[in-house]
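User: I am new to this structure. Could you take me through it?

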Amino acid sequence: MKPWLLNILACPICKEHPLTTYVVQVETNRLKDKKGLAGELIVHHQKGVLSEPSLEPVHNLSKDKTFDKRLTKARQVFASLSRQKPDPMDVVPLVEYFHGLEINVGALRCEKCKRFYPIGSRIASIPELLPDSGRDQKADLAFLRKHRKVLPDVIVTGSEPVALDADH
Ligand SMILES: [Zn+2]
């Protein structure tokens, strides 16, 4: 998933937004029409679709430094963005963060109900925001086991509705 999606994602159970995001594996997308995408983002911003708070609880656990640089820049640009008439060129760093990155593997966490949602568990880059009854517990546990060295304890052993035992 592209970080853009974090603007609108909410917990399917309790509707909390933003979700805490842990990035495990990420790659860079080549962007063809940055100016066009910048124009789109300006419209999103004016319509209130973009969520500045969603930029805060994002943690890069991968070794990709580009992600950190773009996230830092996106936070700065967003904070200084005028609602009236932003220059598309000023918005390009937001394009590079929101559209120019692909989170292939990661985890989302709702701080309110403590649920975790995998990204890229079964299909690379696809977030699985499912109600408890729609979850595949075996797949969720396998995902946690696979990434337990990278993901924080709060996800691995502290999540609802599935978590690993602390000593296994
Ligand atoms: Zn929730």
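Analyst: P18 sits in the segment before β1. Strands here are DSSP runs of E with at least two residues, helices are runs of H or I with at least four, and both are numbered from the N terminus. This is a predicted model, in which local features need pLDDT of at least 70 and side-chain atom pairs count only at pLDDT 80 or more, while totals for chains, interfaces and linings use all residues. Residues are numbered from 1 along each chain as its sequence is written, and side-chain values use heavy atoms, with hydrogens and water left out.

User: What kind of peptide bond joins H17 and P18?

Analyst: The bond is cis, with omega at about -5°. E160 and P161 are also joined by a cis peptide bond, with omega at about -10°. P161 belongs to the segment after α5 (153-156).

User: OK, the metal now. Which residues are the protein donors of the zinc ion?

Analyst: The donors are C11, C14, C110 and C113, each through its SG atom, lying 2.3 Å from the ion. A donor is an N, O or S atom within 2.8 Å of the metal (3.2 Å for Na, K and Ca); water is not among the atoms, so sites may look incomplete.

User: Is C11 buried or exposed?

Analyst: C11 is buried, at a relative accessible area of 1%, and C110 is buried at 0%. Buried means under 20% relative accessible area, exposed over 50%, and partly exposed in between (1.4 Å probe, protein chains only).

User: Which residues have a positive phi without being glycine, K15 for one?

Analyst: Phi of K15 is near 70°; K15 lies in the segment before β1 and is exposed, at 60% relative accessibility. K114, in the loop between β3 and β4, has a positive phi of about 70° as well, and K114 is partly exposed at 36%. Most residues other than glycine have a negative phi.

User: Switching topic: which residues of α1 are buried?

Analyst: They are L37, A38, L41, I42, H44 and H45. Among what covers them are α2 (65-80) and α3 (88-98). Just after α1, G48 has a positive phi of about 80°.

User: How many residues are in the largest nonpolar core?

Analyst: There are 33, of which L41, F67, L94, Y97 and F98 touch the most other members. At least two residues of this core come from each of β1, α1, α2, α3, β3 and β4. Apart from it lies another core, of 12 residues, including V105, L151, I155 and V162. A nonpolar core is a set of buried Ala, Val, Leu, Ile, Met, Phe, Trp, Tyr and Cys residues joined through side-chain atoms within 4.5 Å.

User: What is F98 in contact with?

Analyst: Setting aside neighbours within four places in sequence, the contacts of F98 include W4, L41, L50 and F78. Contact means heavy atoms within 4.5 Å.
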